[in-house]
Amino acid sequence: MLLAILTILAYLSALLWIMPTIVKVDYSGKPNVKAVFLIGLVAVLLHFFNLSQQVWQGEGQNITVTNIVSLMSLMMSTFATFALPKWRTIWHPLSVLYVLGIVSVALSSFVSGNFIKHLEEDSGLLFHLAIAVFSYGLFFIALLYAFQLKWLDKKLKSKNMVFCTLFPPLMTVERHFFALTLSGQVLLSIALITGMIYLHNFFAPEQVHKAVFSFMAWIVYAIQLLGQWKLHWRGKRVLIYSISGMILLTIGYFGSRVV
């Protein structure tokens, strides 16, 4: 309980450094990236220890939906925090990820549930789950980049964009968005393959929808990547594909699970 509260406070502290620079659209100062990085690092470490207590129990691993969501949030917050010193394009998405971190920690810590598994007995299944979590996390961050791309594109076309040191170049955001989506697609491909190998009921009637929706998401992201690479898609079309892929993947991952 104490770890959960400390984790939430750490995320809130990081947000207090981020939000003033976001709400001021004409902000011309230099954002304190170092402070956000250090506080964010403390937050993700506390998040890790808190989640470890929730998942690793004496009789096995408690893999509830809330714990899985918290794990995905931890992965995304960790990635974004370590990317911050190099990727200034992550500044705006970082605020969303830290809010998600607060919500996921609160849910996993204060909402009870039991779904005990023994992952240590099946390394193949553990590898599959890890790859699936990383894939989903990268796609979610890419979706935040898609919204950022759409917003920047709209501002540039309106020709009334106020200069701000926090507004990253459109091409840089687009390049990072493509890299995140491509990485997520590679991991999703591995997750689908390992699922077929290590999940014996992968195509069972009660589980087949997971494979179907995940493969549909793979097709959507493949079309999006091809469109960006060959046809130079951007703006609304890319955002629609990103939202569609995330919806399909969410249904595939969580459609039949309850806390």
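Select helix α6, residues 170-198, which gives the most to the nonpolar patch, with 7 residues; helices here are DSSP runs of H or I with at least four residues, and strands are runs of E with at least two, numbered from the N terminus. The model is predicted: local features need pLDDT of at least 70, side-chain atom pairs count only at pLDDT 80 or more, and totals for chains, interfaces and linings use all residues. Residues are numbered from 1 along each chain as its sequence is written, and side-chain values use heavy atoms, without hydrogens and water.

Next, select I193, which is found in helix α6. I193 counts as partly exposed because its relative accessibility is 47%, where buried means under 20%, exposed over 50%, and partly exposed in between (1.4 Å probe, protein chains only).

Then colour the protein chain by element. The chain holds 8 helices and 3 strands, in the order α-α-β-β-α-α-β-α-α-α-α from the N terminus. Of its 259 residues, 48% count as buried. Among contacts (heavy atoms within 4.5 Å) with a separation of 6 or more, 82% join residues 24 or more positions apart.

Finally, select α2 (33-55), α3 (65-83) and α5 (123-158), each of which supplies at least two residues to the lining of the second largest pocket. Of the 21 lining residues, F48, L51, W56, L71 and L74 lie nearest the pocket centre. A pocket is an open set of points on a 1 Å grid over the protein atoms alone, where a 1.4 Å probe fits, with protein on both sides within 12 Å along at least five of seven lines; lining residues have an atom within 4 Å of a point.
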